[in-house]
Amino acid sequence: MIKFARKFGDLGIKGKKAHQYDEFSRTYRTGDFKEYASLAAQHVGAGGSVLDVATGPGYFCIELARLSNLSITGLDISNDLVEIARANARTAGVEVDFLEANASAMPFPDDVFDFVFCSWSIKNFSEPTKVLNEMYRVLRRGGTALTSAACGGGRRRAMPSITSSSSSGNRCRSLSARPARLSPVAPRVR
Ligand SMILES: C[S@@+](CC[C@H](N)C(=O)[O-])C[C@H]1O[C@@H](n2cnc3c(N)ncnc32)[C@H](O)[C@@H]1O
């Protein structure tokens with residue numbers, strides 16, 4: 001099904017499904033987002049910048065904004081979800097820059113974010129390798145990327161993987177006691 005859909009474009013979540021996904025995330029995933037936000041805050045120094053790729057309803061960004069003064073950006077290909085994320089941030093009383101964009105061609109220069117996050121979305125991308133390249137391109141040298149994927153049908157189970165980019169090359173290590181698997185970061189393509 002995913003292979004079939006990828007042939008025809010990105011799997012952006014729109015319309016009624018966007019609102020259902022928002023409700024699902026708020027109800028079941030707040031704990032996950034608090035955990036990931038706390039991890040991100042530990043990896044980024046004061047005044048640093050964070051990008052959430054395919055942010056959906058924006059809850060990772062919102063939880064991070066609650067506990068830090070970092071500069072936070074969330075992007076998603078679905079205009080409906082971007083509007084929902086903006087409304088969620090307003091309700092929470094936090095500042096996040098949400099924008100509509102394709103993760104395969106991000107509208108940012110190279111080396112700008114200290115932390116790049118992507119959760120539950122690799123399977124939704126029509127060009128997952130391009131997105132991983134883009135995540136690497138916009139990540140600062142010495143920055144950190146964290147990806148998380150749902151697995152095994154259990155909606156509370158996730159496979160987090162973290163990658164640090166450094167001048168001596170990429171270092172990968174798994175995080176937390178959850179089942180972990182390293183996601184490959186494709187070589188930077190210039
Ligand atoms: C399963 S949701 C995950 C949302 C959020 N990261 C989370 O953990 O709840 C997948 C998201 O990927 C977005 N998406 C799909 N293709 C995309 C692309 N090429 N660029 C940006 N976002 C994309 C969808 O609109 C949707 O918000």
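Guide: A residue is called buried if 20 or more other C-beta atoms, placed from the backbone, lie within 10 Å of its own, exposed if 12 or fewer do, and partly exposed in between. Cys118 is buried because 23 other C-beta atoms lie within 10 Å. The model is a predicted one, in which local features need pLDDT of at least 70 and side-chain atom pairs count only at pLDDT 80 or more, while totals for chains, interfaces and linings use all residues. Residues are numbered from 1 along each chain as its sequence is written.

Cys118 belongs to strand S4, residues 113–119. Strands here are DSSP runs of E with at least two residues, helices are runs of H or I with at least four, and both are numbered from the N terminus. Leaving aside residues up to four places away in sequence, Cys118 touches Val53, Ala54, Met135 and Thr147; two residues are in contact if their C-beta atoms, placed from the backbone, lie within 7 Å. Leu51 is 67 residues from Cys118 in sequence, yet their C-alpha atoms are 8.5 Å apart in space.

As for the chain itself, six helices and seven strands are present, in the order α-α-α-β-α-β-α-β-β-α-β-β-β from the N terminus. Of its 190 residues, 40% count as buried. Among contacts between residues at least 6 apart in sequence, 63% join residues at least 24 apart.
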